Structure formats: structure tokens, C-alpha cells
Amino acid sequence: MTDQTPVVSIRDVSKVFDLGGNNRLQALANINFDIFPGDFVALLGPSGCGKSTLLRLIGDLISPSSGAVQVNNKPAHQARLDRDYGMVFQQATLYDWRTIYGNVQLPLEVMNYPRDKRMARAREMLKLVQLEEFGRHFPWQLSGGMQQRVAIARALSFEPSLLLMDEPFGALDEMTRERMQMELLSVWGQTNTTVVFVTHSIPEAVFLSSRVVVMSARPGRVTGVIDIDLPRPRSFETRESPRFFQKITEVRECLRRDEVKGASS
Amino acid sequence: MTNVADLTPAVERELLPDRGRPGRLAQRLWRYVPAIALFIMALVVWEVVCDYFKIQTFLLPKPSLIAATFIRELPVISLAGFFTLREAVGGFVLGCTLAIVVALATSRWTIVSEGVMPFAIAVNSTPIVAVAPIMNNWFGITNPVAKMSIVAVIVFFPVMINMVRGLTQVNANSLELMRSCAAGDFTVLVKLRIPNSMPYLFSAFKVSSTLSIIGAVVSEYFGGSRDALGVYISQQAALFHFAEAWAAIIIACIMGIAFYAVLLIIERLVMPWHVSMRAVEN
Ligand SMILES: Nc1ncnc2c1ncn2[C@@H]1O[C@H](COP(=O)(O)OP(=O)(O)OP(=O)(O)O)[C@@H](O)[C@H]1O
Ligand SMILES: [Mg+2]
């Protein structure tokens, strides 16, 4: 994979938040890693370690204090202007006043797609997340899991090369969550999207991704990158395979190693 | 792979609104029964008390007398009501339009917001009807524009303050979503801020509808055209014709409710998606 040019390349990125007065908070320190086309990368770490901050840096929703983020070989800022990525948050963040069709079409409207093209895309995307019969409903008429699927459809509606997801299933119950993970993998399999997925669930990270980036807290840094070479397509059987548990253990140890180091220093 | 069926539990379909379910209307009417019963009881008590204690008509007329007067005076007071309603609605439209324009300007140029908002909040808490004599002086005592401008000033501030609130209190993720697809300020305004401000705007409209009737009637107490409801009330009261005054107050009350109801209907048409419109099951 390393011979390809990376979709995302993060070089010596640090982020310091100015909290007013003399208070500063180093959220991220010296982050370095690359994400390659078709990758499914999970950012994993304890709460407050800067996963969301890192994701928002990639999406140019905030800018780094030092270092550089490149997306598709251009600065993250340019990539955002070129609409290179779709974004999914922990909350579905659908607009209450728009129908499901309207919500999926929102990015397309912003990008001035013609009307018929928009509708066609919206139908296609809703079909992809298996909600085609809910197009005319309003968001409040859908369950949390269904809303989150709409958010995924919306993020993919303009075929971005990169999908950024910040704990998209964090607010869902365990069963819905596992279904959604399957859904996401199937959507990812049908599109050529690269995914960056923030989570603090170890099994979720291992089940979904091709690589897990393990982070430590305060200041957030990358403590390890673990390749997850479980066979695809992944299924319910994957969760019960010994390799799966092996990988979970490996990731957990990586997280723990760091904790021990943190405690002794 | 999972299939559609087990991803959409039956519960989710149950949540969808069921329009025109039989018995729904009857159920709704049933809810008004206590209010109506209470109203009738109050009228009966009022009537009986007036009879029993022989209360003088100029202190408190009996409901039956007010009703008779209401019917007799209806041609006069309904015309007067219409005259005043025109002032109220005219002032309302004028004030709301200005308020919305200013609110939109504040969202475009922060300097407008910083300059205007402190005054808006200050003026919003002063009794504006108090300037009625001044407006009468400016526009002429019988000129409806005098009353309209008072009403406009009264409704301007709550509408503007609420609209600004609606334009600025936008969910952070919703904004980031816009930013993530590189939307310009104008697009954000049209597709996010303005729709977001609708519930705020309509709650201000509803409060203002009542305020505008009050403003019109009360400012007519300071003098105005002979055709106006406020003038009618104050004149009849001066002549100790209290049944007539009460009859006119009923008209004012009906106008207030009707105005409110019209706004409620418009709200439903404009925001079928809003929380307050969702089917209530209990
Ligand atoms: N806009 C901000 N201003 C100041 N500090 C911030 C800001 N955003 C994040 N932080 C701080 O940066 C640190 C990392 O936050 P971040 O939200 O990235 O964590 P996270 O790993 O996503 O945590 P969680 O798993 O709880 O979502 C935290 O200590 C947080 O307080
Ligand atoms: Mg987070």
C-alpha cells in the first residue's frame, strides 16, 4: 500500500487551544501518519485524548498550531473548498425542517447540482442505506439509528473521496450499533471511499477498520498503529473468530502500555 | 448481510403520524368540555350574584344585559372593532417587517447587532403606549398612522430580539456541516439560519399579535377617530354606559383571539416540521 500517494497525510501536527488568560491546553503533540486510498482507519483512545480534534483538523474545521495536514495532495483547507470529504457527527445533525430527501440533498444544493440530479442521487443514497421508503418523512419520525443512516447517506451524496466520522454510533444501543457497523462496511464496500472513524470502543475499531491508530491522552499523541488483517467481508462470524480476539488484545495492550508509561512518568 | 426488514422495526412505523384517524376530532372537542363548563358556571354565578346583591349596573352589569347590549350594539362595535383591527394589523405588519429586516442586517454586519441590541433590550422593557400622546401630536389625533406607529414600535423589539436569537443560536454541528461542504455565508443564512429562526419568529409573532391589539386599543384611550374601539370604550365608560363598554371589550377579546388563531394556522402551514406540531398521543 505504501507505494500509493496518501489521501491524508499528517506531518508533525500539534494543536494548542488558547483557553484565555495564560491557560493553554496542548490537545495534540507531534502527530504523524498517513491514510491511503480505500483505507478504513479507526482513531482510538481514551476520552479527551484529542480524537475529535484530530478529525476536525483533517476536515479543516480547525487549523493546526503547527505542522501540516494534506488531503489528496493539497492543504486541508483547499480540500475542504474542493469538497473532498463528507462528515458524520455523533449526533445525526439532520435539519428538522427538511424531509429526509431534503436532508440528503443538502450538500448537493450547496454545490449547485441540478434538481433532477439531486433527486436521483438522494434516491440512490437512501437505497444504499436501506431507507428509500422514508424519503418524505421528517427527521423526528425516524429512530436514532435511522437518522444516523440518513447522515451517512448525506455525507456520501456527493461522492467524496474521504468520509470523516466522529463516533457516529456512539449514541446507539449495542444491537443497533452492530447492525450499523455491518451497514457501514457494506456501504464502504460499494463505494471507493476512504474512511476515518473516531471511536473509543476497541471491538468497534477492530471489527471495522483496516488499521487502528491508538492515541494517548494529554497531550494526545499516536502510541501505535496496528494493522487489522482480518479477512473481508467481515460478518457476525468475524466477531467470534480467535483472530478477532487476538487483535482486540493487541490493541488493548497498546492502550495499556501507554497508560502504564503515563503513570510512571 | 442483514436485510431491510430487521433494520426497520415495527415500532418505527408506529411513530409515523396518522392523519384523520376516526374519533380524533371528538377526542379533541372533549378536551374543551371542562373549560366550557367552567365558563358557563362563572357566567351563572356572576348573574346570580348581581341579582342577589342588587349590584348597580354601572358597577358590574349582568352577563345577560351585556349579551343583550352586545347584540344591539353589534353593528356599531363591530365596525369600530374592524377600524381598530386595521390599525393593529397594519402596525403589526409594519413593525414585524422592519424587525425582520433589521434582524437580517444584524446577522450580516455584526456592527449593527452591537449597535442596536443594547437599545433594543432597553426599549423593549419600557411601556411604549406611554408615547401615544406624542404620536397623536405627530400624525394627527384621528390619523390611524399614529396608532399604527405605536403598534409597530411595540411589536418591533420582541420580534427583532427573537429573530436575532433564532439566527444566531444555531446548533454547532449544523454549522460545521455547512462549513464541511464549503457553503458561503449567504447559503448558511438561507439554508440554516433563517429556517432555524422560524420557531423563534413565530413565538414572537404570537406574543405580538396580542400586544398589537392591546397597543391599538389603549393608544385610542388617549384620543382618536370616533370610529375606533378604544374611543368607543372610553366614551361609553365616561357616560356610565358600562354594558356598552363591556360589549366592546368582548369584541376586542374576539379580535385578539382571531388574530392569534390566524397566526397559529400560518405557523402550521410554514412549519409542519416543528416540535409543537407533532401529534400528541395523550
Ligand atoms: N474548541 C476547544 N477549545 C478548547 N479546548 C478544546 C476545544 N476542543 C477540544 N478541546 C480540548 O482538547 C482536548 C481533546 O478534545 P477532543 O474533543 O478532541 O477529545 P476526544 O478524544 O474527542 O474525546 P471524546 O472521546 O470524549 O470525544 C480536551 O481536553 C478538550 O477539552
Ligand atoms: Mg470526541
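Author: Helices (H or I, at least four residues) and strands (E, at least two) are DSSP runs, numbered from the N terminus. B:T106 sits in one of them, helix 4 of chain B. Residues are numbered from 1 along each chain as its sequence is written, with chains lettered from A and ligands numbered from 1 in the order in which they are written. The model is predicted, so local features need pLDDT of at least 70 and side-chain atom pairs pLDDT 80 or more, while totals for chains, interfaces and linings use all residues, and side-chain values use heavy atoms, without hydrogens or water.

Reader: How does the model score on ipTM and pTM?

Author: ipTM is 0.88 and pTM is 0.84.

Reader: And what is the mean pLDDT of chain B?

Author: It is 85, and 89% of the residues of chain B reach 70 or more; pLDDT is the predictor's confidence in each residue, from 0 to 100. Over residues 1-20 of chain B the pLDDT is below 50, and beyond near neighbours in sequence this stretch has 28 contacts in the model. A contact means heavy atoms within 4.5 Å. Where pLDDT is low, predicted coordinates should not be read in detail.

Reader: How many helices and strands in chain B?

Author: There are 11 helices and zero strands. Of the 282 residues in chain B, 39% count as buried. Buried means under 20% relative accessible area, exposed over 50%, and partly exposed in between (1.4 Å probe, protein chains only). Among contacts in chain B with a separation of 6 or more, 74% are between residues 24 or more positions apart.

Reader: Back to B:T106. Buried or exposed?

Author: B:T106 counts as buried because its relative accessibility is 6%. A polar atom of its side chain lies 2.5 Å from the backbone oxygen of B:A103. That is a polar contact: a pair of N or O atoms within 3.5 Å, where within protein one must be able to donate a hydrogen and the other to accept it, and residues adjacent in sequence count only if both atoms are side-chain atoms.

Reader: What else is B:T106 in contact with?

Author: Leaving aside neighbours within four places in sequence, B:T106 is in contact with B:V112, B:S113 and B:V164. B:S113 belongs to helix 5 of chain B and is buried there, as are B:M117 and B:A120.

Reader: Where does helix 5 of chain B bend?

Author: At B:V116, by about 35 degrees, and a proline, B:P118, follows within four residues. The bend is the angle between axes fitted to the seven residues ending there and the seven starting there. Helix 5 (residues 110-124) has 15 residues and reaches 20 Å from its first C-alpha to its last, close to the 21 Å expected. The expected span is 1.5 Å times one less than the number of residues.

Reader: What do its buried residues pack against?

Author: The buried residues of helix 5 pack against helix 4 (63-108) and helix 7 (144-168) of chain B.

Reader: Different topic. Which residues come nearest to ligand 1?

Author: A:S47, A:G48, A:K51, A:S52 and A:T53, of the 14 residues around ligand 1. A residue is near if one of its heavy atoms lies within 4 Å. A polar side-chain atom of A:T53 is 2.5 Å from an oxygen atom of ligand 1. Polar backbone atoms also come into it: one of A:G50 is 3.0 Å from a ligand oxygen, and one of A:C49 is 3.2 Å from a ligand oxygen.

Reader: What is A:I62 in contact with?

Author: A:T53 is one of its contacts, along with A:K15, A:F17, A:R56 and A:L57, once neighbours within four places are set aside. A:I62 is in the loop between helix 1 (51-58) and strand 4 (66-71) of chain A, and is buried, with a relative accessible area of 16%.

Reader: Where is B:F240?

Author: In the loop between helix 10 (229-238) and helix 11 (242-270) of chain B. B:F240 has a positive phi near 60 degrees and counts as exposed, at 56% relative accessibility.
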